[in-house]
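Trainee: I want to check the terms used for this model. Can we go through them one by one?

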Amino acid sequence: MQQELELLRKNALAEFEEIKNLIELENFEIEYFGRKDGKLNNVLRSLKDLSDEEKKKFGQLSNDIKIELLSLVETKKSEMRQKEIADKVKNEKIDLTLPGKKFVKGSLNPTSIVQYELEDLFRSFGFIVLDGPELESDYYNFESLNIPATHPARDTQDTFYIDNDGEEKTVLRTHTSPLQVRAMQEYGAPLRAIAPGRVFRNEALDASHDNTFYQLEGMMIDRNISIANLIAVMKSLLKGILKKDVKVRLRPGFFPFVEPGFELDISCLICGGRGCSVCKQSGWVELLPCGMIHPNVLRAGGIDPVEYSGFAFGLGLTRLVMMRYGIDDIRLINSGDLRFLKQF
Ligand code: FA5
């Protein structure tokens, strides 16, 4: 066995010396270390018939030979690769007059563009920008907002419930309003905050309804906050983002977490108020529901409604994006269609 191994080593070293290129080197590797029929592996396999003592002795020797040969192979391989690259560079001709490869630059989704602009605008008003979970607890999405399990208002925001193996039920949040109570609990009063984010609803889809869309929640809580403050902020918001005066109408709206509550609609900028599929032929688009925060919600947030009052709004961010850019079908926004996205 000793002789057999030494002969194998001698032959291998002699063969190794003759190797001229990477292909020959690879063949050498297969010949000696191939898993199926490699010469060294064959020797290692035959060790099993020997006595324990011999196994130890020749096993060690075969391993030493293997390590020696493998290290030679690795060194040669890296030398050859470097030489190959050096040769390639030497022979390569660079034509500096050829046009370069065009770098394809992506762009932001229009929703992000408008969201970031709104964040800047509200920061300039002294608001903080918050984020919250998309998988929300039933408590923050409904209960804390004065919408108990049996309340019919739940039907207006049908959603996707996630089974939680006996734990508290979670939902894909139907609106950004859960951030009202979360923000109050975290920061207390006085408070000025916005919370943009993605929301989900089990909707019948059409030109102005998607199942996944964006809202931007806002709230301002302090002593003596009134509807006048609410209207002033809503006007500054629309002017700041649409860059022009738009016709708005304020009408009563019911949301269990505000009292009084309003719907602030804007004249449809797709059809100029004449009526189209986006505004369902009404000439108006529901954009900015808002109202004075209900005392129960302030209490849930740990704020005393006798001392403080505040307003909240839930801007339909995706709808605003449609108005801003004249997009006549909401489904384009999440479509991922590059022909659409490249325009922004
Ligand atoms: C709400 O979601 C309330 N949380 C808003 C709110 C906040 C009221 C704070 C009072 C105080 P609503 O379901 O109306 O309300 O949705 C708010 C806005 O989201 C709508 O005005 C609309 O612009 C937009 N919206 C609603 N459903 C969809 C939908 N399926 N696709 C796209 N946008 C939608």
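Mentor: Start with helix 1 (residues 2-18) and helix 4 (residues 52-91), whose axes lie 10 Å apart at an angle of about 5°. This is a predicted model: local features need pLDDT of at least 70, side-chain atom pairs count only at pLDDT 80 or more, and totals for chains, interfaces and linings use all residues. Residues are numbered from 1 along each chain as its sequence is written, and side-chain values use heavy atoms, without hydrogens and water.

Trainee: Why is helix 1 called roughly parallel to helix 4?

Mentor: Angles under 35 degrees count as roughly parallel, over 145 as roughly antiparallel, 65 to 115 as roughly perpendicular and the rest as oblique. The angle here is about 5°, so helix 1 is roughly parallel to helix 4.

Trainee: Which classes of residue make up the contact of helix 1 with helix 4?

Mentor: There are 10 nonpolar, two polar and four charged residues. Ala, Val, Leu, Ile, Met, Phe, Trp, Tyr, Cys and Pro count as nonpolar, Asp, Glu, Lys and Arg as charged, and the others, Gly among them, as polar. Contact means heavy atoms within 4.5 Å.

Trainee: How do you know how helix 1 and helix 3 are oriented to each other?

Mentor: The axes of helix 1 and helix 3 (residues 39-46) cross at roughly 170° and come within 11 Å. Helix 1 and helix 3 are therefore roughly antiparallel. Leu 8 of helix 1 and Val 43 of helix 3 are among the residues that meet there.

Trainee: Is Ser 177 buried or exposed?

Mentor: Buried means under 20% relative accessible area, exposed over 50%, partly exposed in between (1.4 Å probe, protein chains only). Ser 177 has 4%, so it is buried. Ser 177 sits in the loop between strand 4 (170-172) and helix 7 (178-187).

Trainee: What makes a pair a polar contact?

Mentor: Two N or O atoms within 3.5 Å; within protein, one must be able to donate a hydrogen and the other to accept it, and residues adjacent in sequence count only if both atoms are side-chain atoms. The side chains of Ser 177 and Glu 217 make one at 2.8 Å. Those of Ser 177 and His 175 make one at 3.5 Å. A polar side-chain atom of Ser 177 also lies 2.8 Å from a nitrogen atom of the ligand.

Terms used. Axes are lines fitted to C-alpha atoms, for helices over the stretch in contact, and angles run from 0 to 180 degrees between N-to-C directions. Helices (H or I, at least four residues) and strands (E, at least two) are DSSP runs, numbered from the N terminus.
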